[in-house]
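Dear colleague,

Please find below the structure that I am handing over to you.

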Amino acid sequence: MATKQPPPLMKKHSQTDLVSRLKTRKILGVGGEDDDGEVHRSKISQVLGNEIKFAVREPLGLRVWQFVSAIIFSGVAIMALTFPDQLYDAVFEEESVNSKTPIRLYGGALLSLSLIMWNALYTSEKVVIRWTLLTEACYFGVQFLVTTITLVESGRISTGAMLLLASRIFFILITVYYYYQVGRRPKKV
């Protein structure tokens, strides 16, 4: 008995045809740019994401600034909690304060913000770093406005208060700079 040999497998020409491959990739949704400008090489990388996309290209000095901010916030918070009279005297150069409670509450709020600053120091997530910098900039802005209004209402301008106002403007500028640098899209190489 003669067995009939099956016909040889025919190679499909559509896989070698460039137009067919491009049509297939278009149907799958790979090969083109997405909203972030990323080009996905496969459906798997598109679904799982590209880990390089999440890595933050940190501006020079960002971690140092975060560390300095955390130290400043913690130091002023501890001083406000333990020595409220001395903190008030250093800024407004007045002898006594009516109540220590508002200054201690300020210290507690500042201590809470300092915990956020310390935790942001150890993260690499862009969104967390940006929100922390925005929180810091808002705090410095509000402190600048409150101190300015208090000085205008009291009619006294002290050296400590002017130094505080100047430092707050400086801190706002640094924080806003890093906020925009972290949020900037990386340049395509």
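Of the contacts in the chain with a separation of 6 or more, 63% are between residues 24 or more positions apart. Please bear in mind that the model is predicted. The chain has eight helices and zero strands. Of its 189 residues, 28% count as buried. The chain exposes about 13,800 Å², and carbon and sulfur atoms supply 65% of that area.

I turn next to the interior. In soluble globular proteins, nonpolar side chains tend to be buried together. The largest nonpolar core in this model has 17 residues. Those with the most contacts inside this core are Leu62, Trp65, Phe73, Leu110, Leu133, Tyr139 and Tyr178. At least two residues of the core come from each of helix 4, helix 6 (101-120), helix 7 (126-154) and helix 8 (159-183). Apart from this core lies another, of six residues, which include Val91, Phe92, Ala161 and Leu165.

Leaving aside neighbours within four places in sequence, Phe73 is in contact with Leu110, Leu113, Ser114, Met117, Glu136, Tyr139 and Phe140.

Thr175 lies in helix 8. Is this residue buried or exposed? Thr175 has a relative accessibility of 0% and therefore counts as buried. Beyond its neighbours within four places in sequence, Thr175 is in contact with Trp65, Leu133, Glu136, Ala137 and Phe140.

Helix 7 deserves a paragraph of its own. Its 29 residues, at 1.5 Å a residue, should span 42 Å, and the end C-alpha atoms are 42 Å apart, so the two values agree. Which residues of helix 7 are buried? They are Ile129, Thr132, Leu133, Glu136, Ala137, Tyr139, Phe140, Gly141, Gln143, Thr147 and Leu151. These buried residues of helix 7 pack against helix 4, helix 5 (84-92), helix 6 and helix 8. Just after helix 7, Gly155 takes a positive phi of about 80°.

On the surface, Val64, Phe67, Val68 and Ile71 form a nonpolar patch, with about 340 Å² of accessible area together. Two of its members can be described in further detail. Val64 lies in helix 4 (residues 62-82), and Val64 counts as exposed because its relative accessibility is 56%, where the cut-off is over 50%. Val68 also lies in helix 4; with a relative accessible area of 33%, Val68 is partly exposed. The C-alpha atoms of Val68 and Met117 are separated by 9.6 Å, although these residues are 49 residues apart along the chain.

Leu121 also concerns this part of the model. Its place is in the loop between helix 6 and helix 7. With a relative accessibility of 14%, Leu121 counts as buried, since the cut-off is under 20%. Leu121 and Val64 are 57 residues apart in sequence, and their C-alpha atoms are 9.1 Å apart in space. Setting aside its neighbours within four places in sequence, Leu121 is in contact with Arg63, Gln66 and Phe67. Phe67 is one of the residues of the nonpolar patch.

Lastly, I come to the charged pairs. How many salt bridges does the structure hold? The structure holds two. In one of them, the side chains of Arg63 and Glu58 meet, with an N to O distance of 2.6 Å. Arg63 counts as partly exposed at 23% relative accessibility, and Glu58 counts as partly exposed at 34%. Lys100 forms a salt bridge with Asp85, and the closest N and O atoms of this pair are 3.4 Å apart. This pair links distant parts of the chain: Lys100 is in the loop between helix 5 and helix 6, whereas Asp85 is in helix 5, and the two are 15 residues apart. Lys100 is partly exposed, with a relative accessible area of 38%, and Asp85 counts as partly exposed at 29% relative accessibility.

Yours sincerely

Key. Residues are numbered from 1 along each chain as its sequence is written. This is a predicted model: local features need pLDDT of at least 70, side-chain atom pairs count only at pLDDT 80 or more; totals for chains, interfaces and linings use all residues. Side-chain values use heavy atoms; hydrogens and water are left out. Patches are made of residues with over 30% relative accessible area and no salt bridge: like charges are joined within 9 Å, nonpolar side chains (Val, Leu, Ile, Met, Phe, Trp, Tyr) within 5 Å. Accessible areas come from the Shrake-Rupley method with a 1.4 Å probe; for residues, only the protein chains shown count as cover. A salt bridge is a side-chain nitrogen of Lys or Arg within 4 Å of a carboxyl oxygen of Asp or Glu. Helices (H or I, at least four residues) and strands (E, at least two) are DSSP runs, numbered from the N terminus. Buried means under 20% relative accessible area, exposed over 50%, partly exposed in between (1.4 Å probe, protein chains only). A nonpolar core is a set of buried Ala, Val, Leu, Ile, Met, Phe, Trp, Tyr and Cys residues joined through side-chain atoms within 4.5 Å. Contact means heavy atoms within 4.5 Å. The expected span of a helix is 1.5 Å times one less than its number of residues.
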